[in-house]
Amino acid sequence: MQKNDLIGFIGVGVMGEPICRHIAVKSGAQVLAHDRDSAPLGRLAEFGVQSVDLSKIAAEASLIFLSLPSGEVVEKVVLGEGGLREQGRHGQTVIDLSTSPVDTTRKIAAALAERGMQFADAPVMRTRAAAEAGTLAVPVGADDALFSLIEPYIKMFASDVLHAGGIGAGQVVKILNNMVLYETVLALAEARAIGVRAGVDPEKLFAALSVGSADSFALRNHGMKAIAPQVFPERAFPVTYAKKDLQYAIALADQVGVDATGAKNLVSCFDQAIAAGHGEKYAPAISLVFEGK
């Protein structure tokens with residue numbers, strides 16, 4: 001890409017807004033953004049981001065980032081009527097920062113390749129705070145040449161960028177990352193409920209775990225900051241999104257012949273939390289299931 005090329009960004013929600021801001025500030029390029037919610041677009045305008053419809057991005061942007069809530073939405077935006085494949089052009093590059101099923105990712109890549117368009121999966125890992133700080137971790141699925149092209153842009157919002165392999169490899173890494181993370185969150189939720197009923201203060205319990213062999217990112221972030229104090233705000237990564245990611249993990253496990261019993265048990269816990277009205281709360285809110293709330 002040349003410095004005067006346009007960058008498109010579709011989906012400026014919880015993670016997309018700060019990522020888009022970093023790109024706008026650091027790339028030196030004009031950024032065109034599209035979202036159904038006008039509020040983040042208004043905030044991004046202060047950084048020179050222009051709010052446009054999807055067709056303008058498809059027609060004019062050379063590099064297009066997607067940060068969308070599910071693989072189903074990604075497929076609609078790219079392959080649906082009036083989508084990027086239909087309205088785009090030869091030579092464009094599309095980068096999916098969303099978490100999408102591996103088979104959907106490979107299907108989209110093949111469909112865009114037929115139009116002479118490149119596609120990479122680069123799902124983001126870590127928290128909203130990391131997105132704000134520009135310190136996300138991003139596993140990338142792409143061939144060597146495409147990875148070399150897009151890595152400098154990803155480094156504008158990520159401190160750790162890993163070339164995981166070919167198309168779909170980034171999604172495999174991200175999906176399994178979330179599977180391991182939230183299975184650990186489930187263990188922490190169970191530990192809090194057991195510890196409290198056994199007479200131990202949850203903050204002291206987790207502090208003790210943090211200096212023992214149970215220490216982890218999940219403990220220090222999800223455990224200490226959410227599960228111990230029972231604080232589960234909305235407008236963070238919600239239970240419904242975490243369930244979606246775990247369903248992707250189970251589907252992938254089924255495709256390769258692995259019975260992912262831990263992930264299946266976790267989805268059942270997510271279902272209980274959703275049924276109790278906690279679906280839009282921060283995903284560690286599965287703890288509330290064990291608290292009888």
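Predicted model: local features only at pLDDT ≥ 70, side-chain atom pairs only at ≥ 80, totals over all residues.
Which residue in strand 2 stands opposite Gly-8? Residues are numbered from 1 along each chain as its sequence is written, and side-chain values use heavy atoms, with hydrogens and water left out.

**First stop: the strands**

Select residues 7-10, which form strand 1, and residues 31-34, which form strand 2. Helices (H or I, at least four residues) and strands (E, at least two) are DSSP runs, numbered from the N terminus. Strands 1 and 2 pair in the parallel sense over four bridges; two strands pair if DSSP finds at least two bridges between them. The residue opposite Gly-8 is Leu-32.

**Second stop: the connecting helices**

Now display helix 1 (residues 16-27) and helix 2 (residues 38-45). Strand 1, helix 1 and strand 2 form a right-handed β-α-β unit. Another right-handed β-α-β unit consists of strand 2, helix 2 and strand 3. A crossover is right-handed if, with the strands pointing away from the viewer, the path from the first strand over the helix to the second runs clockwise.

The axes of helix 1 and helix 2 come within 10 Å and cross at roughly 20°. Axes are lines fitted to C-alpha atoms, for helices over the stretch in contact, and angles run from 0 to 180 degrees between N-to-C directions. The two helices are therefore roughly parallel to each other, a term for angles under 35 degrees, while those over 145 count as roughly antiparallel, 65 to 115 as roughly perpendicular and the rest as oblique. To see their contact (heavy atoms within 4.5 Å), select Glu-17, Cys-20 and Arg-21 of helix 1 with Pro-40, Arg-43 and Leu-44 of helix 2.

Finally, select residues 169-197 (helix 9) and residues 261-275 (helix 13). Their axes lie 10 Å apart, and the helices pack at an angle of about 60°. Helix 9 and helix 13 are therefore oblique to each other. Residues of helix 9 in the contact are Met-179, Tyr-182, Glu-183 and Leu-186; helix 13 contributes residues including Leu-266 and Phe-270.
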